[in-house]
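Trainee: Could we go through this model together, with the general idea stated before each case?

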Amino acid sequence: MARIAEQVIEQVRSSIDIIDIIGEYVQLTKRGYNFFGLCPFHMEKTPSFAVNPSKQIYKCFGCGVGGGTINFIMEIEKLEFIEAIKFLADKYNIEVNLNTKKSSKFFSQLFEIHNLAANLYQQNLKTNKGLEIVKYLNDRGINNNTISEFQIGFSINKWSSVLDEARKNNFKSDALIQSGLFINGDKGYYDRFRNRIMFPITDRNNKIIAFGGRVFDSNDPAKYINSSETPIYNKSKIFYGLSNTKGFLSKENTAIVVEGYLDLIQLFQNNIKNVVAVSGTSFTDSHALELNKYVKNVKIAYDGDNAGKNAAIRAGYVLLKNGFFPEIVVMPEGTDPDDWIQKEGPNPLKNAIANSINLFEFQYKKSDIDNENPNLISNLVNDILKEISDVQDPVHKELCIRSIAKVTKLNENTLFESISNINSKKSFKTNYDKARKKTDNKDLSNYNLLEDELIQICFSNDFKTRLFIYENMNTEWLISKSVKLIYDEIFIHLHSDHKPDINIVMDGIKDPNYRQRFATLIFDIDKKNLSIDAAIECLTRIEKIFLKKKLNSLRENLNKFKSDELKSILIEISNIQSSLNNIKFKYDKFIKN
Ligand SMILES: [Zn+2]
């Protein structure tokens, strides 16, 4: 395992400033003591991502993420703790000596296995069969530069070609199993991809994380297969080709979304470079979020058959609900972008892209409605309005309705009225659900509040208060697993005359969900009353609830004890009862001080 000296971690921690680091990813504006910006981890229009410079932590009030600077780098760059330290150390020219030659870390191994496979697939292009593939691609108009730029390769028709090579390199078996490149069959593991043209799928930093494989001269009914999802490959977030095209997206401020690997490659080679492809899945909210980092405009260029048109409309609504006004490129019936360029060169497609039409117009035209049939029009418009009713931003919603009115030649006011009917039905339902949930959770949430308060009091400025917690708190009283774990991380710092260092505690919490909880608890701590009185009140109430619970459970189960145990149980009950009676005096000596 890679190790890193504690003093290096400390040096990194003391050199970094959270505002500098996060400022490279998010545009931050100062408001009061904190800085705010658009959250890089979820899609939003108004900033709910807050950074607290004095505590050096961040917190999103929209999606809940939170942590310290190192955690931010781990999340956004998809690095492990040590790698994040190294990443930051590089930035600040701090020397790090990792005392391992080859990283044995699971994630690094996953990337290394993919590199190994990609190299092997590219080598295979030099075999006789591989040369056939090159010719096939050339015949489709894809030249050798493009083949090497996109690292296209070939998986030979053998059951364990990549597997044998990977085993020679001593990868850990859990990395091999979870790489998504092998299938577990009756006779053990074998290569997922055989006799296929291989397209490496990269993340936005150009690391290979998966593959798409296209059939070659076989009658396998699955034209394309993809790697299964893995810890490094989440289909619904990844665009094929993005690492090659992201610079062009920003430059054009427009993204053209296509469905296939070859569509993307064909467009790219024909100088339409601001393009991305979904890879083996439908278009998701995460895709929209990713595009939002680069562009304000999106044009969808899917296949011209019926399935393609429907998929384009679905993708369009996903984009619409995420703040875009998507347009759709009208393709000739039954043709995809790759075919079209092969048949007629790039110009007709370029024209179609320039003349793309808005989503509503596309949907209206596609439905081929006879203007005389009021029922059909009414159904279609209602379907469209139901989709629009999910659009959050009122200005965006209004612009949509104006656009629908124009396309359908219906009166705008009528449309506004219909949509407000749809919305009021919806809000009635959500309010009802919320109210019901609230009563169910009330008891538990009271207790959660106490536990949360305990964590906050541990960061009191007053040494005596911290010491009080250190000496009197009993972890047996805690119910929530996350608070227990967070408290364990804080505990050893409580008897020091320095306040616990938030970032040391933060980095000690390994589970990102618990880190988020901690960041939430700690973010606005300055507004809280963290006095010794608050600590006494908090501990008293936590213990009281614990004792009552114990008492009830003993009483409820009295009949289950054997007669020889019963006596001691009754004594225990009476002891708990007297603890409960005396609990309000328990900390009297602290109050007098
Ligand atoms: Zn967020």
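Mentor: We will take confidence, then a helix, then a pair of domains.
Mentor: This is a predicted model, in which local features need pLDDT of at least 70 and side-chain atom pairs count only at pLDDT 80 or more, while totals for chains, interfaces and linings use all residues. Residues are numbered from 1 along each chain as its sequence is written.

Trainee: What pLDDT does the protein average?
Mentor: With pLDDT being the predictor's confidence in each residue, from 0 to 100, the protein averages 87, and 94% of the residues score at least 70. Over residues 99-104, however, the pLDDT is below 50.

Trainee: Which residues of helix α4 are buried?
Mentor: An α-helix has 3.6 residues a turn, so residues three or four places apart point the same way. Helices here are DSSP runs (H or I, at least four residues), numbered from the N terminus, and a residue is buried if 20 or more other C-beta atoms, placed from the backbone, lie within 10 Å of its own. In α4 (residues 81-91), the buried ones are E83, A84, I85 and L88, and they pack against α1 (6-15) and α3 (69-77). N93, with a positive phi near 55°, follows α4.

Trainee: How many residues of domain 3 are in contact with domain 4?
Mentor: Contact requires C-beta atoms, placed from the backbone, within 7 Å, and domain bounds come from an automatic or database domain assignment. Ten residues of domain 3 are in contact with eleven of domain 4. On the side of domain 3 that touches domain 4, α16 gives the most, with five residues.

Methods: A residue is buried if 20 or more other C-beta atoms lie within 10 Å of its own, exposed if 12 or fewer, and partly exposed in between; C-beta atoms are placed from the backbone. Helices (H or I, at least four residues) and strands (E, at least two) are DSSP runs, numbered from the N terminus. Two residues are in contact if their C-beta atoms, placed from the backbone, lie within 7 Å.
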